[in-house]
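Work through the exercises below with the sequence and the model side by side. Each task is followed by its solution.

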Amino acid sequence: MPLTLASLVHHSALKLTVRAGEDRLDVPVRWAHVSELADPVPYMEGGELLLITALKLDAEDREAMRRYVKRLAGAGVVGLGFAVGVNYEQTPAALVDACAEEGLPLLEVPRRTPFLAISKAVSAAIAADQYRAVTAGFAAQRELTKQALGAGPEGLLGALAAQVDGWAALYDASGAVVAAAPEWAGRRAARLTADVERLRERPAPASSVVGGPEHEDRVELHSLGTGRRPRAALAVGTAAPLGTAERYAVHSAIALLTLTTERSRSLHAAEQRIGAAVLRMLLAGEPDHARAVAGDLYGGLLDAPFRVIVAEAVSGPAARTHGDAQGHARTPGGAGRTGAGTGGDPLGALTETVESAAARSGEAVLVVPEGERLVVLAADGGAAVAACTRYAAALEAARAAPEQAAGDEEELVVGLSAPAGPIAAATAYKQAEQALSVARRRGRVLVEHEQLAAGSVLPLLADDAVKAFADGLLRALREHDATGRGDLVASLRAWLSRHGQWDAAAADLGVHRHTLRYRMRRVEEILGRSLDDPDVRMELWLALKATSTE
């Protein structure tokens, strides 16, 4: 317990007598200070017991005492000790009344009690309180360490909550609550997700305090991790500000959880290396070897249908329409990102999203960074795939917002394969790459392979490269028609739509079939290609469809 004025009053050797402010004796005392200055306020820090003999004061002047005491109270002085038998034989009534009016405790110090004795008593009490706090802090550290080693983060949080007489919660890299103690604290901790997100935007280590009239408690948030961006966060909720012993306990918990986090990062890096080897074996058509290497780490994932996710970071909208000339398959497992971080790192953000969702649902997920790409194997219908699609949908909506300005920052492009098993992993990887290529050309965040395999091929003709090909193929016919020498383009469209049936196509155009035959010969002459070739007819039909979508 901190030293209070009541403790000094009850100190048998000091013989202090309370003359005013009896109801304020429970205020903590930070120090005892002697000053005979008429205005000692500039030298006060707050929390002091001021000791005086009124050597330079007219302690019987009521107005002077009222001003003097008012300034002391305003400066945070918690009590006034007045020595009798030096300049005044008894405590002046003017001083007593002034202290009573301001509610400032006034202690009468007998002549036989030197101020030095009071200073020593205060110093000894503060030292004893600090020693108790340090001792309690070491005991708390031992208990927290024991719980961290034996019961993990959950046990540590329980011990910390007991030490601070409050609650504690641990958040993962995505800001989701991993564990909380006591159990009821989980709901309280979940309401602080936005505050945790703001904390994670600051370089580690960082901390903040959440509290105020709208909160039922005072919550301290601390980031965990030694990297540029924190990997986790700790919340500690209490009814009042933390004392010295409680502060020791919180700092010990931060250190222990940071060690746990960094150890997890090292294990995570090792898992990624194993995952890269497993992926290479799957793509090489060696599922049995992949199972042997994966063991229990990814074995469950390979026993059920999974999906392959291939993600890429592109720089701004222009990169999304760059085409696929440089988008060929790359060998997975190369050195690259660690997957940590979010802001300015779309692949890192996707990694955190997928891994956090998988961890919360208890499912296995294989994440392999490969340079500027990210490859993920996740259970079909599982939480990781669902989190990926939700995250992509949120990015799509944000990108489409009118206030969203197009810039050169990196953006995410994702391709998702159809469900597959270990034997068809290479096929699934190619499907994901194809979907990624289409997503890049269309300016989409995510495209699923099923969207390409179902429906019509015609939407694919909207690609700029296809339109350029179509314009080039039909340009000579359009230029001919523009001179008024015939309607070759319309005639070609009618003839192809009727599968080369002269009478039906001529009827559609309202011309004689000999006229239509003449026009088709002119098409062959202008293009230098034979309409008897099925490939030529196919290219011309697709060119007509591509230009009709404009």
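## Exercise 1: an open sheet

Five strands make up an open sheet in the order β7-β6-β10-β9-β8, with antiparallel pairing. Strands here are DSSP runs (E, at least two residues), as helices are (H or I, at least four), numbered from the N terminus; two strands pair if DSSP finds at least two bridges between them.

This is a predicted model, in which local features need pLDDT of at least 70 and side-chain atom pairs count only at pLDDT 80 or more, while totals for chains, interfaces and linings use all residues. Residues are numbered from 1 along each chain as its sequence is written, and side-chain values use heavy atoms, with hydrogens and water left out.

**Task.** Which strands stand at the edges of the sheet?

**Solution.**
1. β7 (177-181) and β8 (207-210) each have a single partner strand, so one side of each is left without a neighbour in the sheet.
2. The partner strand β9 (residues 218-224) runs antiparallel to β8, and four bridges join the two.
3. Val219 in β9 is the bridge partner of Val210.

**Task.** Which strands does helix α5 (residues 152-164) touch?

**Solution.**
1. Contact means heavy atoms within 4.5 Å.
2. By that rule α5 packs on the sheet and touches β6 (167-171), β7 and β10 (232-238).
3. The direction of α5 makes about 150 degrees with that of β6; axes are lines fitted to C-alpha atoms, for helices over the stretch in contact, and angles run from 0 to 180 degrees between N-to-C directions.
4. Helix α7 (residues 193-200) also packs on the sheet, touching β6, β8, β9 and β10, at about 40 degrees to the direction of β9.

## Exercise 2: helix α16

**Task.** How many of the ten residues of helix α16 (residues 488-497) are buried?

**Solution.**
1. Buried means under 20% relative accessible area, exposed over 50%, and partly exposed in between (1.4 Å probe, protein chains only).
2. The buried residues of α16 are Leu488, Val489, Ser491, Leu492, Ala494, Trp495 and Leu496.
3. Seven of the ten are buried, so α16 is largely enclosed by the rest of the structure.

## Exercise 3: aromatic pairs

**Task.** How many aromatic pairs are there?

**Solution.**
1. Rings of Phe, Tyr and Trp (its six-membered ring) pair if their centres lie within 6.5 Å; planes under 30 degrees apart count as stacked, over 60 as edge-to-face and the rest as tilted.
2. The count comes to two.
3. Phe82 and Tyr88 form a tilted pair, 6.0 Å centre to centre with 50 degrees between the planes.
4. The ring centres of Trp495 and Trp502 lie 5.5 Å apart with planes at 40 degrees, so this pair is tilted.
5. Trp495 is buried at 7% relative accessibility, whereas Trp502 is partly exposed at 21%.
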